[in-house]
Amino acid sequence: MTQTRRTFVITGTVAAVAAAAPPWLRRTGVLEPGSPREVPRITEPDVRALALRAVDAARSAGAAYADVRLTHTYDRKISPREGVRDVEEMTVGVRALVKGYWGFAASPAWTADEMVRLGHEAVDLAKVNASGQPRVVDLAPVSAHDAGHWETPLRIDPFSVPVDEILDFHQAFTVYARENFPGVRALSECGFTRQEKAFASTAGAFVTQALTKIGAGLGIFVPNAPAGEINNTGSDLLPLAARGWEYVRDNEGALRAEIPRLIAQLEADWRLPWRPVDVGRYDLVLDAAGMAELVDATLGTATELDRALGYEANADGTSYLDDPVAMLGTLRVASPLVTLTGTRSTPGGLATVQWDDEGVRPDDFTLVKDGVLTDYQTTREAAGWLQEAYAKRGLTPRSHGCANAQSALYASLLFPPNLRLEPGQPDVSLEDLLAGLDRGVYVRGLGLGLDFQQRSGWSRGGLFYEVKGGKRVARWQHAGLLFRTTELWKALTALGGPGSFRWAPAQRAKGEPAQQAAYSVGAVPARFKPQTIIDSWRKA
Amino acid sequence: MSGRTRNSLRTATPPWLAALFGAPDKKFLSQADCEALVAQAEQYAQGGGETRCTVTSWWSGELRWARNRASLASDRRNDELGVGRRIQGAEGGVRTNQIDAASLQGAVQAAERNAHYGETNPDDHREPPPRFDYLTPAIWSDPTFAQPAGERARAAQAIIAPAEQAGMLSFGFLAVQAAGHAVIDPAVGRPLYAPYTAAQCSLTVRDPEGTGSGWAGASSCDWTRIDPAALARRALEKCLASRHPVTIEPGRYTVILEPQAVHALVRPVVGDFYGRLDAERSTDGPFHLRPFYSKLGLQVADSRVTIAQDPLDPDLGVIPFTDDGQPVRPVTWIDRGMLTHLAYWRNYALEWLHDNDPIVNRWGYRMAGGSATVEDMIRSTQRGLLVTRFSNLDMLDPQSLLMTGVTRDGLWLIEHGTISKAVKNLRFTESPLFVLNSIEMLGPPERVFSPDSPAIVPPLKAHDFSFTSTIDAI
């Protein structure tokens with residue numbers, strides 16, 4: 001079975017987004033108040049003092065600009081099957097700019113002496129490289145002296161909920177399935193993360209944030225499924241999102257209703273024959289999750305400005321949008337129906353913040369407007385690279401606030417904001433799109449592989465249905481989608497409406513050393529003019 | 001600072017810990033540090049049972065460059081501590097990177113709480129600690145540990161210079177790392193500790209118009225065994241020679257795969273040398289779908305193919321124990337084409353083989369080669385393709401290891417014994433098992449870029465490799 005977004009929620013994102021352990025010491029009552037471990041909360045004056053000490057050390061050592069980040073990450077995963085797993089990580093990283101060269105030093109020690117060592121080390125590293133060829137860095141402006149604290153809006157901090165309560169919550173689904181659906185096993189589990197972070201810079205900013213993420217998964221397993229049939233599936237009702245425990249708890253009824261729905265979905269599939277794929281060109285419908293995957297793997301990757309200018313050439317690859325200045329505002333990258341925006345303000349978004357990792361307040365911005373490329377994802381340094389292009393269009397360069405990092409152990413890097421494929425009008429549903437398919441293919445759970453410039457792609461997962469007269473009539477074995485990115489986007493003929501819009505979690509691994517950051521991708525289902533359907537197991 | 005920072009907390013910590021933080025040049029925890037740390041943790045344990053810890057304490061010095069200029073120089077360190085508490089058959093664990101006394105106490109208590117939620121396994125019985133003899137691989141290099149940041153800067157400048165002089169753009173990354181890895185577990189019988197170093201350098205040279213791209217890379221435990229100048233030359237030559245590629249039809253081609261390309265195909269094969277237990281006992285689990293299920297003793301590849309792990313090979317050193325103390329030993333997986341061993345754990349050895357020793361797969365491998373050079377292979381080829389490396393690989397069928405992926409950073413058409421032109425990249429759909437049975441020639445094995453686990457791999461020539469579509473990416 002291929003990995004679906006559902007398993008991703010539980011095994012992928014939560015596990016990988018780094019660290020975390022509960023404020024297990026101070027907030028869950030394992031240790032009583034007055035315990036020996038008194039780590040300062042991110043909002044306490046001690047943290048500010050540490051941060052300013054690091055910035056001062058870098059400045060006095062000769063940095064033209066420096067910033068410091070302190071991150072304290074907690075991660076907890078709770079599963080009736082595997083129990084409880086906690087991870088905690090505290091890190092601090094100082095970045096310094098000297099004559100256009102960056103140095104970065106990081107460690108796990110939040111001590112006054114260490115702040116000074118890291119500040120000096122970062123400057124020394126920058127200076128070592130600054131002795132070579134000249135390099136220019138134009139940092140786009142940031143509002144200096146910004147200050148404040150921001151937290152993911154939530155009602156119930158998941159780390160404040162007793163583990164027993166969460167275990168009972170999930171255990172109930174197993175019991176419910178056993179009692180109501182004989183022969184079906186259900187397993188529910190959840191994971192949550194909080195990252196507290198502080199940022200200070202020589203520009204005068206000091207800001208702190210506490211970002212919480214939680215997701216719950218529900219899987220069902222039908223051991224006595226017909227031979228050779230798919231016998232398990234999972235729910236994507238509660239994907240990883242920036243929410244509190246209420247996001248899971250208040251959806252108990254809806255999550256329970258997923259069990260009969262998933263069983264019915266499996267049984268409906270079993271009634272459809274498995275047939276060898278009939279390769280050819282077919283009208284295509286993708287569901288919202290498949291479109292989120294497509295957005296993320298193509299336009300969402302290609303519009304990272306550092307990637308477009310080659311900065312990932314020796315790692316994951318570059319971008320097909322590789323001449324930013326010339327392409328901006330002129331290049332048609334998709335059907336006129338397509339508008340794609342970047343936002344770090346949408347409620348629940350995994351990349352939603354008040355300040356990015358350079359102290360910038362992100363704005364909402366349009367990457368693709370009516371099918372035309374209109375902007376790139378930027379950081380302060382990256383926005384400087386677009387000065388010419390922005391000037392041509394009468395705009396002032398400004399960072400869109402895409403600086404992000406896994407933790408302070410990594411230098412900040414350009415990572416995608418939450419991405420949003422704007423819904424179509426009027427309110428068309430997935431079923432409406434399918435009803436319009438006289439003969440075509442519908443893909444559920446699409447997974448994509450792309451080349452290292454996102455110019456062309458292939459499916460690496462997903463259930464392909466043959467559709468006739470608007471009805472699913474068969475499942476195709478080893479079917480695959482093979483496409484050229486821009487041709488596919490230009491072939492889009494219809495989009496689902498606002499009612500079909502869904503957010504899905506996404507994660508990007510990037511950089512050298514590699515690090516990861518999470519964001520959300522929102523999309524609607526879509527229909528395309530004929531696309532190439534292949535037998536993906538067939539050799540030449 | 002007020003009295004609430006971690007700094008002041010540490011004034012109450014033991015002298016060894018104070019010494020640790022008093023020494024800024026100390027890049028990672030020593031064996032004594034780790035043992036003291038775990039002894040301290042054990043003091044906080046309550047409710048009997050066992051305390052098991054793993055520590056990975058590391059330092060890394062890095063330099064990344066883009067468009068012919070250093071883009072980031074970094075120095076990073078971290079202490080990754082795993083604390084497990086096993087109480088009456090139930091296990092609970094936590095991970096933290098804070099090693100002050102109060103954090104240790106909190107971690108131990110949290111592990112005990114989590115053990116409370118773990119499932120008790122009544123069948124679990126602990127064997128008396130095995131007295132394994134562990135190998136001592138050569139995985140430490142003083143010059144790597146001591147490398148100053150200035151040496152990285154000079155190396156990068158020397159790598160960039162030829163590309164810049166040729167009007168090309170260089171992008172790359174070089175890094176050295178030094179670390180200590182400890183496993184301290186009563187079930188193992190004695191504390192285990194391995195210090196190790198690692199080094200890597202890789203670069204991509206592109207022409208500013210984006211019509212050509214070349215890559216070269218190397219990794220080793222020892223920085224002095226990496227030749228940055230040679231890598232720089234190689235990536236530049238490949239970039240220049242790959243410019244303005246022409247399109248060719250996909251189809252079956254004779255291929256000459258450079259060692260890095262062979263590695264991309266063989267590494268998933270090595271990853272499947274596990275699970276003898278499952279391969280012999282399971283009839284309906286996922287393991288009977290693995291490629292080597294019930295093939296022990298059978299011919300699975302061309303008789304010139306031998307793939308072996310040897311931690312004592314100076315180019316193949318790995319940490320000689322697993323996180324539960326099982327020893328890593330030399331083993332030949334495929335011997336002259338025959339599958340001779342699959343990995344298994346100690347429990348399987350005890351129960352089924354009445355033996356104490358497991359066979360552990362650490363993914364480091366040497367694939368035997370031949371005497372042909374890549375030039376020999378080209379000369380002997382009427383029509384074929386020379387492949388620098390593969391990228392963006394996806395597994396399509398785990399049972400046959402059928403994969404898809406694309407060529408990258410240099411693909412050339414060979415006609416009548418010579419390279420005739422650069423061609424556009426192709427997507428392939430192929431199984432490495434097919435390639436290992438279609439070999440025409442093998443060259444001398446060499447160390448390839450593989451920072452996660454060392455590999456020594458030959459170039460090879462194989463027939464009927466399946467390319468399934470053209471791609472425009474360069």
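1. A word on conventions: residues are numbered from 1 along each chain as its sequence is written, while chains are lettered from A and ligands numbered from 1 in the order in which they are written. This is a predicted model, where local features need pLDDT of at least 70, side-chain atom pairs count only at pLDDT 80 or more, and totals for chains, interfaces and linings use all residues.

2. Chain B has an open, mixed sheet of six strands, ordered β10-β9-β8-β11-β18-β17. Strands (E, at least two residues) and helices (H or I, at least four) are DSSP runs numbered from the N terminus, and two strands pair if DSSP finds at least two bridges between them. β10 (338-339) and β17 (446-447) of chain B each have a single partner strand, so one side of each lacks a neighbour in the sheet.

3. Helix α8 (residues 259-271) of chain B lies across β8 (307-309), β11 (365-367), β17 and β18 (455-457) of chain B, at about 120° to β18(B). Axes are lines fitted to C-alpha atoms, for helices over the stretch in contact, with angles from 0 to 180 degrees between N-to-C directions.

4. Between the chains, 76 residues of chain B are in contact with 69 of chain A (C-beta atoms, placed from the backbone, within 7 Å). Strand β2 (residues 69-87) of chain B gives the largest share of chain B's side, eleven residues. β2(B) also pairs with β3 (residues 101-107) of chain A, in the parallel sense over four bridges, and Arg76(B) is the bridge partner of Ala106(A).

Definitions and conventions:
Contact = placed C-beta atoms within 7 Å.
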